[in-house]
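Biologist: Hi, could you walk me through this model? I'd like to know which parts to read with care.

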Amino acid sequence: MSFHESCKQLDAGIDGRLSTYITQTKAIELLEDVGSRAVVAVGLKGIGKSSAYRYLTEFSRHSDEVIIGIDPDKYTVNLPVKDRSYTICRKQFEHDIVIEALRGIVAHESKLNVPNIKSLVAQARREVGSYLEALRKFVKRGGGISVLGCGFSVGKSDEPVLIGMRESSEIQSALDTLRSICDAGLRIRIVVDDPEQVFSASRTLDTHLVGGFCLAAIRLSEAIANLKIVALCKTHVYQPIMVDVDDLTRYPEHMVRLRWSADELIDVVQRRLDAEKQKWSDIFVGSVSQGKALLMGELSNITRNGPRDLLHTLDIALQNSKSGKIGKAEIDGSREKASQDSLDELTSAYSSLYRDLGSVVKAVFRTSATSRFAIRELREHIQTLLVNDEDMKALSKLPWMQSRSSQTLPQLFFETGLLALDSGNALTLPFDQEYTLDRFRKSKFVRLVPALVPAVVAQ
């Protein structure tokens, strides 16, 4: 495969060569580190969540580890929509995770390279067996499905029954067994990708269910040494969870943002070149330093979410290059198509929640695509459009727009990675580490991300 072909591999979930060029960012290092408190990873669509999942479940494995990966392709549990508080969900998930960890230990027994834990593994087997027996008895009474192989079961009455409501001594025994195994030196990592899809097939986000899982992941990871439960969430999913599940604010170090520095994005290109045994001079006009300088200077103009936009822009530039190499002219020539593709992808990614989001963005910014606004000014601009602009008035009839206003739309634009934060001297883009809600609220100015400008102004 050539570097150009590599740039077309944008779906990390099915990229068979990902292990040869994956970039280990600082965020991934924190998630991999069992001693780090970072448990919940949050990022925009296309920022590398699938790559992080595969790294943590496939590429980072050691003989003293048990790794369990859970994603929507492996597990999908459709729970009835019930008014369960996040406290109840958290208690249930704490028990579920302990049992799942013990089940994983038993399943990986022959591969473990930790001395003196044979008797503890035997105890883990008994704990899992005891739980499964309790589940079988419940099924005989009409029960059925479960979470993580156990947990929330649904009976004939369609009422959620907590299998975790066993004798407290049994629950504590399972927890003590897991703690003893981890104390003996075995490390356990459970990684859940898109928990809102794993634990519910509903199109409506159950913030208390997913928030309960995140709380359970945080609390167990802190309570048991060598145990790490990682949740990988999209930004627009996690923000409403933070609003509804106020207990999450008690753990300020629990969340890490999936972000990229400029140097890490350059490393994405370097690793793909190395994997394909090509050099910078094979792909870029001029020297290595000139090629890197070109990308560094253009990053803010060609990428919104990080690696995906960057690689797609390089792909387009190489398709259009007459010399087979990329220079400033080729980058400039690729911007309009790359911008439109980025806006189309963003519109598609959020279609289930915010249908026609791309049209709303165009209506808001078509005459001010390069303007910067104080947040108050942006709200006033949107309000003026809602009153006077025919396109905006029509879009305001969209179901999700009915629950939004000129006051709340700017934060939604932030959550979906549409705005750049403008300090007056530099831009903070959605893939940057400093792109946080707090920084957004305190930002002097905001503006449409430059990578989307060509698509918004195009007629």
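Modeller: Happy to! Where pLDDT is low, the predicted coordinates should not be read in detail.

Biologist: What is the mean pLDDT of the protein?

Modeller: The mean is 86, and 90% of the residues reach 70 or more. This is a predicted model, so to speak of local features we need pLDDT of at least 70, and side-chain atom pairs count only at pLDDT 80 or more, while totals for chains, interfaces and linings use all residues. Residues are numbered from 1 along each chain as its sequence is written, and side-chain values use heavy atoms, with hydrogens and water left out.

Biologist: Thanks. How many residues are in the largest nonpolar core?

Modeller: That core has 84 residues, and Leu 314, Leu 357, Phe 365 and Phe 413 have the most contacts inside it. A nonpolar core here is a set of buried Ala, Val, Leu, Ile, Met, Phe, Trp, Tyr and Cys residues joined through side-chain atoms within 4.5 Å. Buried means under 20% relative accessible area, with exposed over 50% and partly exposed in between (1.4 Å probe, protein chains only).

Biologist: And what is Phe 365 in contact with?

Modeller: Beyond its neighbours within four places in sequence, Phe 365 is in contact with Phe 373, Leu 378, Phe 413, Leu 419, Leu 448 and Val 456. There is also a second, separate core of 52 residues, and Val 66 and Ile 229 are among them.

Biologist: Switching to strands: is strand 5 mostly covered or uncovered?

Modeller: Mostly covered: 6 of the 7 residues in strand 5 (187–193) are buried. Strands are DSSP runs of E, at least two residues, and helices are runs of H or I, at least four, numbered from the N terminus.

Biologist: Which strands pair with strand 5?

Modeller: Strand 2 (65–70) pairs with strand 5 in the parallel sense over 6 bridges, and strand 6 (227–234) is also joined to strand 5 in parallel by 6 bridges. Pairing requires that DSSP finds at least two bridges between two strands. Ile 188 stands opposite Val 66 and has Leu 227 as its bridge partner in strand 6.

Biologist: Last one: which residues of helix 11 are buried?

Modeller: They include Leu 265, Ile 266, Val 269 and Leu 273. Among the elements covering the buried residues of helix 11 are helix 13 (288–302) and helix 14 (307–320). Just after helix 11, Lys 277 takes a positive phi of about 55°.

Methods. Contact means heavy atoms within 4.5 Å. pLDDT is the predictor's confidence in each residue, from 0 to 100.
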